[in-house]
Protein chains: 2
Amino acid sequence: MCPEAAYYAYKIYINMDQTQASVSASVRAEALGEPRLLAAEVVERLRDLIIQGELAPGVKLNERVLCERLRTSRTPVREAIKYLASEGLVELLPNRGAIVTPITATTVREIFVLLGTLEGLAGELACANASEADIAEIRALHYQMLAHHARGELAPYFRCNQEIHLRLVVCTGNATLANTYRALNGHVRRARYMANLSPERWDHAVEEHQQILDALSRRDSAELSALLRSHLSNKMLVVLEALGQQSA
Amino acid sequence: MCPEAAYYAYKIYINMDQTQASVSASVRAEALGEPRLLAAEVVERLRDLIIQGELAPGVKLNERVLCERLRTSRTPVREAIKYLASEGLVELLPNRGAIVTPITATTVREIFVLLGTLEGLAGELACANASEADIAEIRALHYQMLAHHARGELAPYFRCNQEIHLRLVVCTGNATLANTYRALNGHVRRARYMANLSPERWDHAVEEHQQILDALSRRDSAELSALLRSHLSNKMLVVLEALGQQSA
DNA sequence: CGCAGCTATTTTGTATGCAATTCAATCATA
DNA sequence: TATGATTGAATTGCATACAAAATAGCTGCG
């Protein structure tokens, strides 16, 4: 396949998570001729398709179709599906393949209860452990987000927003926390609740983000934690509304 | 509606998690002739081997050996390994197979921070949502545990202990919380810290459990949450000690 | 001894084959 | 028309085959 990959740095192993860090790591690895599992590529590809909503909740995953789309044989596809099943994005139906995990109001509520607690924890840890550079980067993202808000650019706003939350969780220094958060967050991102953001709610969310940034800047742990929990709680309402409309 | 809706008619899908509930469910399923993936069996088998420590952290997973041991071909074994990789119990090394994820003091600390928060949350939710029957069952397990403590039966004590914590998390009614908890807990259970329990520490742990049961019985949410967090924090110290001895 | 380089063996990664199951389309029947 | 059986096609689950890579084992050389 790739004969130039004759030398290896044995240190680095590839995982299939699309951590901000590990993505860039694997891009670097790719450039250096690091070996990469086909199944890992398929995982990332499928995960994106699912989270972007291109593969909607409940949709059946046909192996043949996926193979053609992703240009591989069934083996890596099947392995990827098992991986994603463990992640919860896919459900296995013995003898009947797999479907994209459906989203229900119940699981959304469950997940947000967890996300609220995890971000609350992240807030406390971030106040204690984040470097000034971490905070500066979050501040930069915040202003970028404000710009998108001012211009009414929903999708870019949303990306900045996600990035801020992720940074916050990552800069706690607790990688396990970050991974858990990312996995759970991926599930609800599928709900595509962006479109459901009314101007008032949008404004309010931005306000909350301002307070969040302030509390983080002051490293006011208790305040930040409380703000994040209530912010997440509001976000849940938006998601649930969007979900209600979808099914209606 | 979309044709995928047809799949919802089939309520039961098999997952690969060994929930108390889903284990019994799949046993029933088995008896009823429900289909079951070989890969799912291998997942459970391997997970047990890893958590029991029979496959120690860092050990290489040789596919041929596992195939012989589990009496299947490589396909289900490889799929199971991918599943467990997503769960974090196994690490993938491209072109060099997979190893049981090593345990480090850092990840143990990270995980316990999360477990503490999650059990704290579970305590609050349990006070609000648990049925009296749930609490009665936990009380029964508690007394069973006391009996094992009195007799100095470490392993059975440990099993009861685990079961109590699991019940507590399950009776919150938040399945996502329970799954997340179970996955993270599985990682640290591998540390085999039981042996490291001094008589004093053991007594103290039992005392803590008594207080935990009392708070739950009173449905004193704040108290229970605090007790659980500190209980977990103490448990972490034991685990870290055990880990230190192992590597020393 | 140690160790560099080569070769043989093992192991992994991917593709493919085959049997069993499920799905779909057709037809018969009430 | 709706319902149910029947049969052919599609799909899945598992096993296996084959190629590429990694490991282990030699050999000769210092």
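This is a predicted model: local features need pLDDT of at least 70, side-chain atom pairs count only at pLDDT 80 or more; totals for chains, interfaces and linings use all residues.
View 1. A rotation of 180°, with 0.0 Å of shift along its axis, superposes chain A on chain B. The RMSD of this superposition is 0.1 Å. That is the relation of a two-fold axis.

**View 2. The side of chain A that touches chain B.** Here 36 residues of chain A are in contact with 35 residues of chain B. Which elements of chain A each supply at least two residues of this side? They are α4 (74–87), β2 (90–92), α5 (105–129) and α8 (175–189). By class, this side of chain A has 19 nonpolar residues.

**View 3. The surface near DNA strand C.** Both chains contribute here: of the 19 residues around DNA strand C, L38(A), S73(A), T75(A), E63(B) and G97(B) come nearest. Three helices each supply at least two residues of this surface: α2 (38–51) and α4 of chain A, and α3 (63–70) of chain B. The largest share, three residues, comes from α4(A). The residues of this surface divide into six nonpolar, seven polar and six charged.

**View 4. The fold of chain A.** Chain A holds ten helices and three strands. From the N terminus on, its elements run α-α-β-α-α-β-β-α-α-α-α-α-α. Chain A has 248 residues, and 38% of them count as buried. Consider the contacts in chain A with a separation of 6 or more. Residues 24 or more positions apart account for 70% of them.

**View 5. The open sheet of chain B.** Three strands form this sheet in the order β1-β3-β2. The pairing is antiparallel. Strands of a sheet pair through backbone hydrogen bonds, either parallel or antiparallel. Which strands of chain B lie at the edges? They are β1 (60–61) and β2 (90–92), and each pairs on one side only. β1(B) and β3(B), residues 98–100, pair over two bridges. Look for K60(B): its bridge partner in β3(B) is I99(B). Helix α4 of chain B, residues 74–87, lies across β1, β2 and β3 of that chain. This helix runs at about 105° to β2(B).

View 6. I111(B) sits in helix α5 of chain B, residues 105–129. Is I111(B) buried or exposed? I111(B) has 25 other C-beta atoms within 10 Å, so it is buried; the cut-off for buried is 20 or more. Leaving aside residues up to four places away in sequence, I111(B) touches L184(B), H187(B) and V188(B), along with T176(A). I111(B) and N185(B) are 74 residues apart in sequence. In space, they are 8.0 Å apart, C-alpha to C-alpha.

**View 7. Two loop residues with positive phi.** N95(A) is in the loop between β2 and β3 of chain A. N95(A) is not a glycine, although its phi is positive, about 70°. This residue is exposed, with 9 other C-beta atoms within 10 Å. R71(B) lies in the loop between α3 and α4 of chain B. Its phi is near 60°, a positive value in a residue other than glycine. R71(B) has 8 C-beta neighbours inside 10 Å, so it counts as exposed; the cut-off for exposed is 12 or fewer.

Key: Residues are numbered from 1 along each chain as its sequence is written. Chains are lettered from A and ligands numbered from 1 in the order in which they are written. Two residues are in contact if their C-beta atoms, placed from the backbone, lie within 7 Å. Helices (H or I, at least four residues) and strands (E, at least two) are DSSP runs, numbered from the N terminus. Ala, Val, Leu, Ile, Met, Phe, Trp, Tyr, Cys and Pro count as nonpolar, Asp, Glu, Lys and Arg as charged, and the others, Gly among them, as polar. A residue is near a molecule or strand if its C-beta atom, placed from the backbone, lies within 6 Å of it. Copies are superposed by least squares on the C-alpha atoms of residues with pLDDT of at least 70 in both. Two strands pair if DSSP finds at least two bridges between them. Axes are lines fitted to C-alpha atoms, for helices over the stretch in contact, and angles run from 0 to 180 degrees between N-to-C directions.
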